[in-house]
Structures are given as structure tokens and as C-alpha cells.
Amino acid sequence: MSPTIFGGADGARLIARQGRQRSVLFVSAGLLQPKKRDHPLARRQLYLNYGALGLATLCEVNGLDTLMVHGEHEHPSALVQRLHQQGRISADTQVLLSIPSFYALEWSRLFCEAVKRADRGARIVVGGRWVTGPDKAWLQGVLPHADLIVQGVGEQLLPGLLDFQGQWQAPADCGLNHRLVEGFARYQPSIETSRGCGRGCAFCEERAIPLEDLKAPTLIVKELQRIIADYGDQTVRPYFQSSYLVPKRRWAEQLADQVQRAGIDVAWRCESRVDSVKPNAVAALAAAGMKVIDLGLESASLQQLRHMNKAPEPRRYLDAASELLETCASHGIWVKLNVLLYAGETARTLDETRRWLDAHAQYFKGLSVGPVVVYGPNSHCADFLQELRLLGASPVDPASAQAGGVTQMHLSAELSSEQAELESLALSRRYMTQSDYFDLKCFSYYPRDYSHAQFERDVAACDVSRLPFRLPA
Ligand code: SF4
């Protein structure tokens, strides 16, 4: 079956259904295997698809029968069978499949096939802008059972996609209704705090998407109150979702003040750049509940920082990083650093990064290390691949971009893809203990009812050579 654009055959079919409201089923695509390393711990991780949940929340606000399901590591056929038996997939269902990453494509293809096998009348709309944006025609070829592929941000398109009859409501303060998520209590909640970035890092899809304003503290407090009410207590650990959080001191102080006046005592996590959270805002952020911050350091090699266009003045960037790390540590905030092994990486550049990390090891709790990966089919990634080639990198499999939208790289003549994986694991293990890893993962990614005893059983079942942390002596 070929996909059609909205208003074509599907539009006609929808019109024929007027008067009969379809239920809406949001599905966040899962993975056939974990995207990095496959071991029992990796299969425990949960990622709340907060973008799709925002759309689901709007549907519910507008009175539609709405459910959201995460594919996680469940096989798509088994998931469809389960949902079909529950009456959640039928000719009256709009299935909105959100694909958060190219790694989820094969899962998505099997899912669409299974939905059409279960009921050919169910309509499948595919979204997820990082995956649908690069090349719609290519994606239609990969997902032939999808009825419609939507590019861009979904909010404005939603009423048209659903053929909604009436006045569509989109209140600015509706936040996220976590209770729409099947098994919501297992997931740590999210609060979307800002969108976009525009700081130009060569490897990042947000490099040219302008930064929007931070959400007002009053709205964040309102969302925290709703989360506490929905989950029933203050043990939740929300993730403040922004690719690039830039909190000014004044904003942080207002947030701290309002959080405290509302009697909220919830620890939260966020992500930013090392040179964008000003140290003078950290005390107020800590008072507002910030406990963990993920910082995209990427490298401490001056050459590599320039190659990835991370910072025009790498020395100043690293000085800012030093100051922020020290300040966070002095306020009891856990820092997790992200390090990216990039095109042109060599033993020398790795050593530069390692020496900087050694000098700051007491200020961060963990780090996540991985090599650059190129996403999208040829039409999308050719220029970036050429840029990486000029820096000395080469694709492991030149056909993989077109086949599945993911290209692994040999980083230089000195550092193959396999060696980069070993170096990534070695660097993580150098600084991160098993208990640091558990604390950080438990805070945001493991199911809320996942125990330390279960973690230890999972560790025992893993191939230790694939784990990114040191086992206790
Ligand atoms: S600062 Fe972060 S979000 Fe912004 S372009 Fe760079 S990597 Fe992307």
C-alpha cells in the first residue's frame, strides 16, 4: 500500500467517517535491540517520548479518546497483537507512530506491517521530525504501510490530521498528562522547558534551529504540581527537557522562590552546554531542585572542539567548563559529561581530553562517551559525510545511510570504529563506578520500581567487557 498525502484518498476516507470519532493511539517506536550496546542493563532503560506525549495531551484536552504506548523492547508484532486484543487497534483507530530515532526504523516497519495485518482500516500517521524531516520520499519507501508521513512539529497539524470537527483548543499551559502513558508510573516524568538551540555544532540537528524562550517559572511550578498530583508523591525525578537550557540568574531565582513557596521538594535533571549555565545561577538552580546536569563537553582537545564547531574559542570554553564543574560540585549537583569522539580523533587528541578529565575528575559523577554517528539517507547526509572525510574519517559501510539512515564511522586512519568503541568504554570506566552509574541511570532512565538488587542481578548477567563502569573491587 502506498502512503498518500493528507487530503488524498485518506482524506476522502476520513470524510466518509464523519460523525464517527476515531480513537487516537500514540505509539512511540521501540527498538529491536538497544542502540548502543546490547546487554540486560541497556534493555532496562525507558525513554519517555515527551514530544508525542505533548500531542497526546492536546488530543485529550480536546476530548478525544487517547492512549500512548511505548514500544520499548517489545516486539512490534506482540505489541500490536496485545493492543488489538484490548480493542485499541481497529478500523476506528488513528495510530500516530512517533519515531524518535533512525535506530527505530526497522521496529517501525514491522509495526506498520503488523497493524495493517490486524486491521487494514486502521490509519497510520508517522511523525518524529528528526526521522521524517530529512527525506520523505526515502522514508515512504522504508515504511510502505504508513498512510501518511508528517514532517515538522506536529502541534499545528494535529487537528487537520485527525479531521477534528469543532474548535481545537491548544492552551499554552496544558503541559503533559503523564497518565495517558500506558504504565505511566514506571516512567520518570518530563517538563518541556525550551526548544531549539542554534549554536551551530556541526554534528547536531539542532545547530540551526533558533532557541525559543525558556518556559516561565509559574508554568513550570504548575507542571510540577500536576506531576506530584498524578504520581501521588514527591519522589519523582522530572527531566527538564531542553536541548540547550540557558537559565539566567534572575530566572533561576524566580523558579527557586516559586518552588519553595509552593512547598515543592522535587529533585530534577536537565541538559546544557558547559559554557551556557552561568556559575552565578547555580545556587538558585540547586535551591529550585536541580540535582543532576548533563553537560555536552564533547572534548577537551582544542583541535577537536574546532573540528566539531563546538566553540570558536576552545580555551575560553574549557575555562568556562572548569568553573561550572567546580561550582556544581560545591552545591552538591551531580554532573554527567557527554564526550564525543569525532572525525580526526587520534591517540594525541584523546590524551588531551583524558588529561583534562583527570584534572577535573572530582567534579563530575559520570560520563557517557561515544563516537560520532551520521544520520539520514544519502540525500541528507552527503555534505556532512564529506566534511568528516576531509577531517580524516570514513564510513564503515557506505551503503548503510541509504539502507537504514545510520552510518558508523572510522574516525581516522589511527582510530577505527572498533577501536573507538573500546576507547569509549575505557574512558567511561576510568571515571565512573558501578554505583555512580546506578545513581545516574536510576535518576532518569530506569523504571521507577527498579531496585538495586535487580540492578546487581542484571550486572551479573552482563558481559562485563561491554559495561561502561568499573565493578567494585
Ligand atoms: S549546543 Fe547542544 S543542542 Fe546546541 S547545537 Fe550544540 S550539541 Fe546541539
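Predicted model: local features only at pLDDT ≥ 70, side-chain atom pairs only at ≥ 80, totals over all residues.

Trainee: Okay, domains to begin with. Into which domains is the chain divided?

Mentor: There's domain 1 (9-161), and there's domain 2, which is made of two stretches (188-372 + 411-466). Their C-alpha centres lie 29 Å apart.

Trainee: And how many residues of each are in contact with the other?

Mentor: On the domain 1 side 16 residues are in contact, and they meet 28 residues of domain 2.

Trainee: Now the inside. What should I look for?

Mentor: Here's the general idea: in soluble globular proteins, nonpolar side chains tend to be buried together. In this model, the largest nonpolar core has 97 residues. Those with the most contacts inside it are Phe-26, Leu-255, Ile-293, Leu-297, Leu-337, Tyr-342 and Leu-357.

Trainee: Where does that core lie relative to the domains?

Mentor: Between them, because domain 1 and domain 2 both give residues to this core. There's also a second, separate core of 33 residues, with Leu-25, Leu-83, Val-95 and Leu-97 among them.

Trainee: Let me zoom in on Phe-26. Which residues is Phe-26 in contact with, leaving aside neighbours within four places in sequence?

Mentor: Its partners include Ala-52, Leu-55, Ala-56 and Cys-59. Further along the chain, you'll find Thr-66, Leu-67, Met-68, Val-69 and Leu-96 in contact with Phe-26 too.

Trainee: What about pockets? How do I read one?

Mentor: Ask about its volume, its lining and its place. Take the second largest pocket, with a volume of about 540 Å³. Of the 25 residues that line this pocket, Glu-155, Ala-172, Glu-192, Arg-195 and Lys-215 are the closest to its centre.

Trainee: Which helix gives the largest share of the lining?

Mentor: H2, with five residues. Helix H2 (50-61) and helix H8 (217-231) each supply at least two. By class, the lining has eleven nonpolar, six polar and eight charged residues. The pocket also lies between domain 1 and domain 2, since both give residues to its lining.

Definitions and conventions:
Residues numbered from 1 in each chain as written. Heavy atoms only, no water. Core = buried A, V, L, I, M, F, W, Y, C linked by side-chain atoms within 4.5 Å. Buried < 20%, exposed > 50% of the residue type's maximum accessible area, 1.4 Å probe, protein only. Domains from an automatic or database assignment. Contact = heavy atoms within 4.5 Å. 1 Å grid on protein atoms, 1.4 Å probe; cavity = no way out; pocket = protein on both sides within 12 Å on 5 of 7 lines; lining within 4 Å. Points joined across faces, edges and corners; volume = space filled by probe spheres on them. Helix = DSSP H or I, 4+ residues; strand = E, 2+ residues; numbered from the N terminus. Nonpolar A, V, L, I, M, F, W, Y, C, P; charged D, E, K, R; others polar.
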